[in-house]
Amino acid sequence: MTQENYIVDTQLPLELDFKALKAAGLAYIQKHSSNEWTNLNPSDPGVTILEQLCYAFTELGYCGNFPMKDILTDKKGDLTVADQFYLPQNILTTSPVTVNDYTKYIIDQIVSVKNVVITPISLKFPFINGFYEVYLLLDPNEKKTASTDASETNEIIENETFYLLNSCRNVGEFFLKPTVLAPKEYTIAGELILESDADFDSVMSEIIQNINAYIFPDVVQTGYDKLKAAGVATNDIFNGPTLDNGWISSESIQPKKDSIQAFEITKLIQEVTGVQSISKVSFTCGTKTLLPAATCKIYEILTFNFSQSLLNQADASNLQVNTQGKSLNASLNMSLMDELAMMQQTNSQVNEVASVQMAPTVPKGKYRDITSYYSIQNTFPEAYAVGLNATNDSMPAYQIAQSRQLKGYLSLFDQVLSNQFAQLANIDKLFSFKNAITGAPADLEHYNNIKTPAQKANPAYPAPFEVFSPTYFYQSLYNSVPNAAPLLRDNSIFNFGPVSESDATLAHKSWLAYQDDPYNSYMYGLLVYNEDDTVNLQRRNDLLDHLLARHGESPLIMDTLIYGTVYSGDFLKDRVIIKSMYLQNLGILSYNRTKAYNSIGALLLNEFTLTITAALIDYLESNKPLETEEEASPTANETQQQIANLKATYRARKMLRDILTKNYKHEGYFETNRINEEEKITSLDSLNYTTISLKLSMLLTLKPLYINFVQYTLDFNPILKTPDKISLAYEQSEMAIWLLTERKGMIAIETNLLLQSGSFQIYIQENTDDKMYYCFSTMLNYDDFVLISTVFNSAPSEGIISYLKETYPNHILTAIDDPSKLDDATFTTIENAAYSWTATVSWDDGQNTMYITDPFLANTLLWMFPDYIPELATPDWQHRLSYFMESQLPIQITAHPMYATADNLKTIIPQYVRWFNANIYNTTTQTIDQTAVTKAAADLITTLKLIYNNQVPTNA
């Protein structure tokens with residue numbers, strides 16, 4: 001049957017309804033023109049103009065109703081997403097936080113690991129937020145290299161996992177070195193009867209799979225599409241770390257069973273297709289037989305050796321298999337059965353991972369050339385003489401004048417309409433995280449297209465079309481309004497040339513030159529008319545507040561934090577700058593919100609400090625070219641330290657030159673793109689810095705504070721300063737430049753990391769009249785100290801001393817004969833016990849010792865700033881820093897700011913660098929020199945405590 005198509009007469013929305021728009025226009029005219037405009041018929045020229053405008057309005061309304069995906073699709077057909085939206089897989093995920101998160105991350109990233117047991121240890125120390133034991137279950141199907149035995153393979157995987165955990169650990173967390181679960185092997189005894197048509201190999205492989213899955217269920221990785229189809233919410237799918245091989249639901253992570261009863265195995269075997277019955281199940285482990293349960297420790301994994309269980313022996317310690325009264329034990333091929341079980345188990349996971357869709361598909365839109373504008377003057381009747389061919393040189397001058405007079409009037413409407421189309425076409429820039437750099441993108445694009453690379457590198461104009469963060473977009477009428485040249489101010493300014501050229505040729509060239517001039521009177525007038533800083537900045541700030549709120553960030557908190565910053569000197573402009581930078585980096589800041597730096601794998605620091613002299617200042621101010629960082633690169637004969645020194649020298653000299661030559665300022669407008677690039681936080685930064693420190697540096701604008709300080713400090717007349725003051729100015733600037741180039745403006749130290757190289761002694765006080773005291777005969781390392789200290793939360797309330805002696809026989813617990821040295825100790829009462837305890841930590845063979853109750857250890861983080869930068873000493877900045885710690889620090893983290901003189905920094909910087917670098921794994925040996933770490937930590941803590949107590953140390 002032929003389908004009939006027809007038009008349904010329905011009410012159009014106002015923006016598309018020509019009749020309604022015209023009626024509204026006529027009503028407005030009647031209301032405001034009184035009796036002066038009486039002819040409202042179509043024959044009236046004013047009504048004709050109204051009709052043309054209403055028609056143009058419907059075109060604008062039509063474009064405004066395009067799907068958003070069409071409006072945001074560029075000329076290449078790609079959706080504009082970067083710096084507009086964060087895709088769900090990028091903004092909803094976080095670096096590992098919970099035990100389940102770490103489990104998912106290890107399984108996804110370490111190919112050889114099949115499953116993980118992570119055991120958190122409960123502690124009440126302010127410097128530790130999490131202490132974890134990690135045990136790995138390896139995939140038996142992973143191929144081992146012929147050159148390594150099982151122990152070497154295990155060690156490689158343990159090291160790889162340890163490095164991974166340190167790359168994603170959170171502030172104050174500590175992971176013990178992971179260990180591979182040790183198999184605890186059992187055999188099964190009993191009587192298994194199979195169905196007559198059962199295939200023994202298939203039945204046994206399924207039994208093995210079921211038992212292994214019951215002991216430690218496999219973690220399944222699957223795709224976004226399958227989870228979504230199963231009804232899992234998007235927030236739940238992306239809840240956790242970013243994974244490479246498929247998402248893992250928290251429900252698929254099940255605990256390892258450390259105890260299995262015989263009846264549980266009986267039930268598992270009975271459920272297998274082909275099994276008729278199973279009875280008299282018991283277990284054997286070593287010499288122990290007929291066990292009713294199989295058990296193991298937390299560091300072990302239960303395994304059942306079916307090859308041994310099915311040996312052809314007629315005794316009670318073996319599994320007897322029968323079918324139709326006939327024993328099958330003598331004819332079994334156990335190696336084939338085990339291989340089949342492993343292959344079936346692996347293939348299901350491989351097939352699943354191979355078909356994974358990790359994220360929702362980004363919608364495809366259709367490119368719409370919204371910017372192009374078709375002038376209303378092209379649609380007027382010919383009698384109005386405003387179209388493309390409406391006038392010519394043969395017409396009387398008065399008719400040409402009349403035409404241009406009307407065209408000038410209509411061009412006002414054209415400009416407003418054209419700007420509205422430009423506003424709609426640039427909505428992606430309006431709601432972008434990045435601040436726009438021009439209000440006329442189409443004209444800037446044309447300007448760039450006509451320039452050669454050399455002209456772009458050396459522009460004739462300082463900043464053509466470029467302004468700071470416009471919110472109103474506009475475009476020229478050069479190509480849209482017919483015969484527009486005579487209507488524009490100073491249109492004949494380029495009307496000169498050789499006498500041999502005709503007037504028409506000169507006029508044409510003049511018109512082209514006028515269009516190519518980015519600052520002609522017409523474009524400058526549009527710029528001035530559209531760019532009102534007060535309005536634009538407030539509008540842009542409101543838009544950024546909206547974007548912040550959409551991502552769960554409070555604009556009010558942000559305003560409080562950034563009030564008083566010094567990027568531009570205008571508080572509203574500074575808000576726009578910092579909010580824009582923060583939104584651009586929100587993805588990585590949000591993902592790594594509580595993450596610490598990789599303490600064993602960060603890039604090595606350099607203690608090189610630039611030596612500032614008058615000669616160096618003169619050389620840098622001359623703006624002579626510096627060698628690039630690549631040119632400062634190493635030759636084959638240079639050591640890694642020499643290479644690092646070369647690059648550090650380049651960075652420091654370049655920064656000082658930029659400060660001295662004021663390259664951080666630009667005449668005319670704020671260089672948004674340069675600042676965005678300089679302040680961009682990378683994935684490498686998240687490995688080298690604690691995320692909360694990166695956030696502090698950005699929101700409290702440390703960089704401009706330090707740059708302004710160095711610039712002001714070095715801008716002096718040497719005649720008016722004493723040598724000591726000149727030396728101090730150089731020294732303070734040197735420290736400030738090191739802090740900027742190496743540490744984003746501050747030294748951040750985790751108390752937890754300082755303690756890891758210490759030696760500990762635990763003291764126990766008996767709360768009786770006699771007050772007996774006990775301590776271990778040997779010093780404890782950090783791992784043992786933490787593990788033993790957990791006993792005070794779990795040990796029996798009575799008999800703690802005997803419990804400790806039994807549990808830790810390697811550390812002999814003895815009574816203290818002379819407890820006077822503990823007179824200044826603060827003991828913590830053990831709950832429900834007649835004992836209290838405390839501990840000391842020491843470095844350098846006990847020369848540097850403190851109690852763990854020392855106030856110095858009462859914070860998770862220590863932040864060190866220079867005390868000589870004036871802004872950092874103001875109550876306003878102190879308030880902002882306190883508010884930052886209150887609003888931005890996770891609840892489990894506390895931080896303490898410390899302020900150091902230039903003399904302090906000269907001492908502490910090399911100490912800090914040596915300690916920082918000593919913690920980094922040797923890439924060759926995969927080890928850490930603990931002696932070097934301990935010595936560096938001892939020196940660092942000595943200086944830190946002096947600064948903490950407001951004492952001035954002697955230079956090292």
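The model is predicted: local features need pLDDT of at least 70, side-chain atom pairs count only at pLDDT 80 or more, and totals for chains, interfaces and linings use all residues. Residues are numbered from 1 along each chain as its sequence is written, and side-chain values use heavy atoms, with hydrogens and water left out.

**Overall build**

The protein has 36 helices and 21 strands. These are DSSP runs numbered from the N terminus: helices are H or I with at least four residues, strands are E with at least two. The radius of gyration is 38 Å, whereas a compact globule of 956 residues would have one near 30 Å. That radius is taken over C-alpha atoms, and the globule rule is 2.2 Å times the number of residues to the power 0.38. Along the principal axes, the C-alpha atoms fill a box of roughly 125 × 100 × 60 Å.

Of contacts between residues at least 6 apart in sequence, 77% join residues at least 24 apart. Contact means heavy atoms within 4.5 Å.

**Surface and charge**

Side chains include 66 positive and 108 negative ones, and the centres of the two sets lie 4 Å apart. Lys and Arg count as positive, Asp and Glu as negative; His and chain ends are not counted. Each charge is placed at NZ of Lys, CZ of Arg, CG of Asp or CD of Glu.

**Cysteines**

The structure holds zero disulfides, a disulfide being a pair of cysteine sulfur atoms within 2.5 Å. The sulfur of Cys 285 has its closest cysteine sulfur in Cys 296, 10 Å away, so the two are too far apart for a bond.

**Buried residues**

| Residue | Relative accessible area |
|---|---|
| Cys 296 | 12% |
| Thr 701 | 2% |
| Trp 915 | 1% |

Thr 701 sits in the loop between α27 (691–699) and α28 (702–714). Beyond neighbours within four places in sequence, the contacts of Thr 701 include Thr 565, Tyr 567 and Arg 880.

Trp 915 belongs to helix α35 (residues 902–918). Not counting residues up to four places away, Trp 915 touches Tyr 597, Ile 749, Leu 753, Leu 754, Val 933, Ala 936, Ala 937 and Leu 940. Asn 949 is 34 residues from Trp 915 in sequence and 21 Å away, C-alpha to C-alpha.

How values were computed
Buried means under 20% relative accessible area, exposed over 50%, partly exposed in between (1.4 Å probe, protein chains only).
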